[in-house]
Protein chains: 6
Amino acid sequence: MIITLKISGKFFDEENSANLEIIKKSVLSLLKNEHRVAIVTGGGGTARKYINIGRRAGIREAHLDLLGIWASRLNAYLVAFYLGELAYSKVPESLEEFIEKWGTGRVIVTGGFQPGQSTATVASLVSEAINSDLLVLATNVDGVYDKDPRKFNGAKLLPKLNTEELKRILEFSQSVNAGTYELLDPLAIKIIERSKLKVLVVNFKNLDKLLDIISGNINTGSLILPV
Amino acid sequence: MIITLKISGKFFDEENSANLEIIKKSVLSLLKNEHRVAIVTGGGGTARKYINIGRRAGIREAHLDLLGIWASRLNAYLVAFYLGELAYSKVPESLEEFIEKWGTGRVIVTGGFQPGQSTATVASLVSEAINSDLLVLATNVDGVYDKDPRKFNGAKLLPKLNTEELKRILEFSQSVNAGTYELLDPLAIKIIERSKLKVLVVNFKNLDKLLDIISGNINTGSLILPV
Amino acid sequence: MIITLKISGKFFDEENSANLEIIKKSVLSLLKNEHRVAIVTGGGGTARKYINIGRRAGIREAHLDLLGIWASRLNAYLVAFYLGELAYSKVPESLEEFIEKWGTGRVIVTGGFQPGQSTATVASLVSEAINSDLLVLATNVDGVYDKDPRKFNGAKLLPKLNTEELKRILEFSQSVNAGTYELLDPLAIKIIERSKLKVLVVNFKNLDKLLDIISGNINTGSLILPV
Amino acid sequence: MIITLKISGKFFDEENSANLEIIKKSVLSLLKNEHRVAIVTGGGGTARKYINIGRRAGIREAHLDLLGIWASRLNAYLVAFYLGELAYSKVPESLEEFIEKWGTGRVIVTGGFQPGQSTATVASLVSEAINSDLLVLATNVDGVYDKDPRKFNGAKLLPKLNTEELKRILEFSQSVNAGTYELLDPLAIKIIERSKLKVLVVNFKNLDKLLDIISGNINTGSLILPV
Amino acid sequence: MIITLKISGKFFDEENSANLEIIKKSVLSLLKNEHRVAIVTGGGGTARKYINIGRRAGIREAHLDLLGIWASRLNAYLVAFYLGELAYSKVPESLEEFIEKWGTGRVIVTGGFQPGQSTATVASLVSEAINSDLLVLATNVDGVYDKDPRKFNGAKLLPKLNTEELKRILEFSQSVNAGTYELLDPLAIKIIERSKLKVLVVNFKNLDKLLDIISGNINTGSLILPV
Amino acid sequence: MIITLKISGKFFDEENSANLEIIKKSVLSLLKNEHRVAIVTGGGGTARKYINIGRRAGIREAHLDLLGIWASRLNAYLVAFYLGELAYSKVPESLEEFIEKWGTGRVIVTGGFQPGQSTATVASLVSEAINSDLLVLATNVDGVYDKDPRKFNGAKLLPKLNTEELKRILEFSQSVNAGTYELLDPLAIKIIERSKLKVLVVNFKNLDKLLDIISGNINTGSLILPV
């Protein structure tokens, strides 16, 4: 199987190496089972820091996006260097470069590509380009809920849903200001739809049990299927 | 003023050089009046040809997008070479490269950047990045109508509208299959909104009178203003 | 064996995917038999279209060559994307880059390199650089004839000839205008001579039987041997 | 005059844009007086954050240096984007690229180049390559003291000294662990000596008065002269 | 006027800087008179040294060509660095890159581009691409003779001739072994013919009087005109 | 084991291919025994030639360093081309590029990276980045002596020493003028210390017996161990 892991930037904010260890464990178990792995990292706190300074200073949106992209690449380099021989050491800066490096057979770790694209969109494009069987979104909630669990007490986690249901649940933010992209923005969803990608939303802290989750031994997260 | 010209790919389909001449005239008159010009070219028939062969052959959507992008770059090279000393001779392959070349002071001609982005989105990102005062969409209709003029007899051209009105008029196609992007797709509109860009939709055949249109001497086209 | 396939640009002019299928079959059978394969694609109708518009518009010869080269790269990308995992996804833009990518062990697909060089010269240089055992020219005639078969009724196909005989037969066009290069121009022949390359001219429609032709099971085409 | 500004990474740590404003003021006043300006930014807190996580995770020194270099480039992009049209938008990644971009006539902003080189060494190499009349080290102390002012009460600021005196004062740290480079490491000093560069150490908060300091209207900082 | 100077590699073989001085004088006088200058350097003794070692060691012709090209680039860097601010500091590695850098308005210095192309061909392509009014071949003889002056006593220098006469005089070597290319090989002549370039052959030691030679104040060298 | 071979530039000065053969033998025996090999080449006579001309002509130190670096890359290409399929055909131009190419599994051959860095420093950085078990310095003496054997008769070769002893023996030249770097300059030693690299100094003419030297079957050279 070919698996794309999208790792939210917030997991690089804490100055410890435990989160790197979770990613490595996950990758190692997948590789040992003959799967191939691509990783897309978000920009997290570093991106926010630079975008904040830049916005206060009056830098334009497209350039703020670029600062966020470079921050996400810094996170990508951290993962790539930590994975060592398992990963390709250079972080690609476009989908074309990603596809090219994918041909090496290594784990390819990438950050953002272009202004106006969230790293979720990057992960979708990557999944499409390498024919991923599964796009895993590692985030800080346990999956997709029928309503926002931070606002509604009775919010229920949905173990399985389709993209039409997802779109109804998500109130898509119309804003695409740098750094404020949601889990899955409209463009990401369109890519997911046009290539009928399968998406799994899981809590980052369960990422090292991904093999068991995929095989159904552990029930957690939400699986989003094409209509 | 800084002006971005988005030229629909279909104007490269006829094997004559008259359309190149229209573009050059437009650029020359703008430069003579101290404006700066950026040009974004669509992929047109060449893009469709390669995407069609590729889709029939089962090539993936992301790669079809890449074929379309390379075709749009071919159109961009044709324009850049025809403009000669006025333009930068290299077609940028990303927004970062575009911004870098823009610093040379020349006309920069570009095609597409990344899969999942229409050339309209590219034109919006470029406009945002270089702080364009006006994004001109040169197309084969006279502007934006209140309904589709190909279907409705009484369709009226709107000389002025805002982005909210535009969104109501356009029935956005949900499909983002390679080669089927509309005049302005949702992502392009979001960029236009977040940076409050001014957009002028004009008929390509009037492009050489752009100065007069901008100054109000000629009344044609539709001006789209931020809310 | 190491085999270089030079595929005439005209086989990309028809908007069907059958010709892609012939190329893939040929490549698959060669790879299955432990051969290595390099592919060079011509520019064909797309090249002619852009060169024609450009020449009418007064663009210089060197730049027309560049338009032709970019068109040939578009054909190369089409082949590379169709071959998928078998091929390297990036089309090299110089011999140095070709040699570098050749080290990956994949099929490398390339178009033109530099103005003033036909894609036949590119194929010869590539053959020399990677020590090809055979340079196959896939074209729309059955091989080399003793006179031009389009003009002379009794023209006979030569199953075997040497480079000296070839040079006598070919009346080398002295023109090197962009887009008018012959099957084998003088520079291509010089490279073939200096490195004593073996050349096979075959009809493109027989390309999928290349293994049988090479092994002598099928008699077709013309073999050109060094003196 | 040609002036190289080396800005310590720590001035990018606070999430405000005031420090960017100081840099811009300094650059604007220099440019208005026909000077040319190159800027080298340190990695600061962002570099330390990534190097710390990486070191705890067991990543090798050369790769930790690379993380620090990418962090310093993020700071360089922030400055370049803030300077807008005054600066070249691309941050060079080697001295060769720096020299190339310097030819554009713009302010060039750079971070680190290669592992094993501090950004002070980068600033020295840059000064040498572009024939700088002055290398300004903007730091958080008022200049060079005869002893360490943080340890000794009676430490005196030296308004003028030569490189021999400097070397005696500085107890060069033998360690070149990533992120622990001093103000001027031995390699930086050797470059300064071999090309007889003039160095001015000033407090960052006085950077916007640089013109007055250089012309002698304001007495602050330490001037280091070749022997 | 736009002038391309092709400087034979042999002028870099002597370890003195006098020849650099001749080149600089020539360039300075041309620039002062509002001409633009492109320079192409041969590989000379350095190229021969590396090609000789390589050939004895059995390295292939295409790779020997690459060694020669890198040697010619070393000569180009020497000239570019010596010209300082007058020249662009980066030596282009392809015609596309040459054209791109030419847009900077500086003197562009280049060595070879691709295997199978002499630096005379490079100079012809460059002349064609930038629309040179004159291609100057600086060599170690005084011009073109009616017979080989090293063999025939009564050989007469031809002050003016056309390309047809040139081709009759030159017995073109059929060999294109790396490093043995003649003053003007057949491909160079074809480029010269197709774009009707004007060529001046002069003795290198007169290069600093080029302005006087061009204006007719000094009679030396041979002028080759298109038919 | 991972082994870095640093080959002094002087072994490329003689115009024969015997030294290439020694390098190849050494590499082949190492690869056959499952070791991985990186090679760093010095600039030798070619570097000195260009630096000498350049210095006489008044070119700046940083640019002289660049000429020396390009010369070292020429030597690297010669080795890479001679090693053929064993080596990666492209010579990296930075440590980042080196690390990237190292991932291909081939022998990577490199010259210099950046001005201000000797090729010994390059070899140390490379060793650190790829986690080399041994850095072999192939030179023209038999190892490290307790005093300079060219000056003192009773100088004794040290079969084993540590970096502290090495530093005492070497009187480090303070000059870092282009082309005058010593066997191990201070920066190289610092890298060696910070990553505790093991260094073997051997006579180049014994390089083809490296396996026996490493295994202790042949006693020659000096082993430098971390403190």
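**Exercise 1. A loop residue of chain D**

Does Glu34(D) count as buried or exposed, and at what relative accessibility?

Solution. The model is a predicted one.
Step 1: locate the residue. Glu34(D) belongs to the loop that runs between α1 (18–32) and β2 (36–41) of chain D.
Step 2: apply the cut-off. Exposed means over 50% relative accessible area. Glu34(D) has 70% relative accessibility and therefore counts as exposed.
Step 3: inspect the backbone. Glu34(D) is not a glycine, yet its phi is positive, at about 70 degrees.

**Exercise 2. A loop residue of chain C**

Solution. Step 1: Asn131(C) sits in the loop between α5 and β4 (134–139) of chain C.
Step 1: Asn131(C) counts as partly exposed because its relative accessibility is 44%.
Step 2: the phi of Asn131(C) is near 60 degrees, which is a positive value in a residue other than glycine.

**Exercise 3. A threonine in a strand**

Solution. Step 1: Thr4(B) is part of strand β1 (residues 2–7) of chain B.
Step 1: the relative accessibility of Thr4(B) is 0%, so this residue counts as buried.
Step 2: beyond its neighbours within four places in sequence, Thr4(B) is in contact with several residues, including Ala38(B), Val40(B), Ala123(B), Ile130(B) and Leu134(B).
Step 3: Ser127(B) is also one of these contacts, and the side chains of Thr4(B) and Ser127(B) are joined by a polar contact of 3.1 Å.

**Exercise 4. The interface of chains C and E**

Solution. Step 1: extent. In this interface, 35 residues of chain C are in contact with 35 residues of chain E. The two chains bury about 2,900 Å² between them, and 53% of this area is on carbon and sulfur atoms.
Step 1: polar interactions. Four salt bridges are found across the interface of chain C and chain E. One salt bridge joins the side chains of Arg194(C) and Asp65(E), with an N to O distance of 3.0 Å. Between chain C and chain E, twelve residue pairs are in polar contact.
Step 2: contributing elements. On the side of chain C that touches chain E, two or more residues come from each of α3 (61–83), α4 (95–102), α5 (119–129) and α7 (186–194) of chain C. The largest share belongs to α3(C), with seven residues.
Step 3: composition. That side of chain C has 16 nonpolar, ten polar and nine charged residues.
Step 4: contrast. Chain C and chain D have no contact, and their closest C-alpha atoms are 20 Å apart. Chain B and chain F likewise have no contact, with closest C-alpha atoms 20 Å apart.

**Exercise 5. Core and covered helix**

Which residues have the most contacts inside the largest nonpolar core?

Solution. Step 1: the largest nonpolar core has 473 residues, and those with the most contacts inside it are Ile39(A), Ile39(B), Ile39(C), Ile39(D), Ile39(E) and Ile39(F).
Step 1: turn to helix α4 (residues 95–102) of chain F, where eight of its eight residues are buried. These buried residues include Glu96(F), Glu97(F), Glu100(F) and Lys101(F), together with Phe98(F) and Trp102(F).

Note on methods: Residues numbered from 1 in each chain as written. Chains lettered and ligands numbered in written order. Predicted model: local features only at pLDDT ≥ 70, side-chain atom pairs only at ≥ 80, totals over all residues. Heavy atoms only, no water. Contact = heavy atoms within 4.5 Å. Buried area = accessible area lost by both parts, 1.4 Å probe. Polar contact = N/O pair within 3.5 Å; in protein donor to acceptor, adjacent residues only side chain to side chain. Helix = DSSP H or I, 4+ residues; strand = E, 2+ residues; numbered from the N terminus. Nonpolar A, V, L, I, M, F, W, Y, C, P; charged D, E, K, R; others polar. Core = buried A, V, L, I, M, F, W, Y, C linked by side-chain atoms within 4.5 Å. Buried < 20%, exposed > 50% of the residue type's maximum accessible area, 1.4 Å probe, protein only.
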